[in-house]
Amino acid sequence: LSVLSSSESLAVVDVEAPVYDCGPGAAWCSVDGELFLAGEPAVGVSFAFEYASADPAVSGVVPEEVAEAGGQLLTVSVANFPVVTSADQVEVSFGGLAAPSY
């Protein structure tokens, strides 16, 4: 949170939106934001705010190609993917062939 400017007629602040879970299957959800004077909750405002769900998307594959013989390691980066802590929580396939898990 940072105050960009403040006068008797206008206050402007930057605030980072916190992580918010819209729930399973939701494409978006509306929440009420609130801004008030610290220690004075009666001096403030509320505002409508919308969160859009973040669908998983590939952000990178390195290398982008391998020989038909296979056996090379790839690094696949996926944005907005659920947190996983072990290989048995992820399945990968290429053309219907399952990639080995270690």
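Begin with strand S3, which supplies the largest share of the lining of the second largest pocket, seven residues. The model on display is a predicted one.

**First stop: the second largest pocket**

Select Leu 1, Val 13, Glu 34, Leu 35 and Phe 36, which lie nearest the centre of this pocket among the 23 residues that line it. Next, colour strands S2 (11-14), S3 (28-37) and S4 (40-52), the elements that give two or more residues to the lining of the second largest pocket. The space within the second largest pocket amounts to about 640 Å³. Colouring its lining by class will show 18 nonpolar, two polar and three charged residues.

**Second stop: the disulfide**

Now select Cys 22 and Cys 29, which are joined by a disulfide with an S to S distance of 2.0 Å. A search of the whole structure finds one disulfide. Looking along the S-S bond, one finds an angle of -65°, and the link of Cys 22 and Cys 29 is left-handed.

Move to Val 62 and Pro 63, where the peptide bond between them is cis, with omega about -10°. Pro 63 is placed in the loop between strand S5 (57-62) and strand S6 (75-79).

Follow the chain through S6 to Asn 80, which sits in the loop between S6 and strand S7 (93-94). Phi of Asn 80 is near 60°, a positive value in a residue other than glycine. The relative accessibility of Asn 80 is 45%, so this residue counts as partly exposed.

**Last stop: the largest pocket**

Highlight strand S8 (97-98) alongside S6, as each of them supplies at least two residues of the lining of the largest pocket. To finish, colour the lining of the largest pocket by residue class: 15 residues are nonpolar, five are polar and one is charged.

Note on methods: Residues are numbered from 1 along each chain as its sequence is written. This is a predicted model: local features need pLDDT of at least 70, side-chain atom pairs count only at pLDDT 80 or more; totals for chains, interfaces and linings use all residues. Side-chain values use heavy atoms; hydrogens and water are left out. Helices (H or I, at least four residues) and strands (E, at least two) are DSSP runs, numbered from the N terminus. Buried means under 20% relative accessible area, exposed over 50%, partly exposed in between (1.4 Å probe, protein chains only). A disulfide is a pair of cysteine sulfur atoms within 2.5 Å. Ala, Val, Leu, Ile, Met, Phe, Trp, Tyr, Cys and Pro count as nonpolar, Asp, Glu, Lys and Arg as charged, and the others, Gly among them, as polar. On a 1 Å grid over the protein atoms alone, a cavity is a set of points where a 1.4 Å probe fits but cannot get out, and a pocket is an open set with protein on both sides within 12 Å along at least five of seven lines; lining residues have an atom within 4 Å of a point. Grid points are joined across faces, edges and corners, and a volume is the space filled by probe spheres set on the points.
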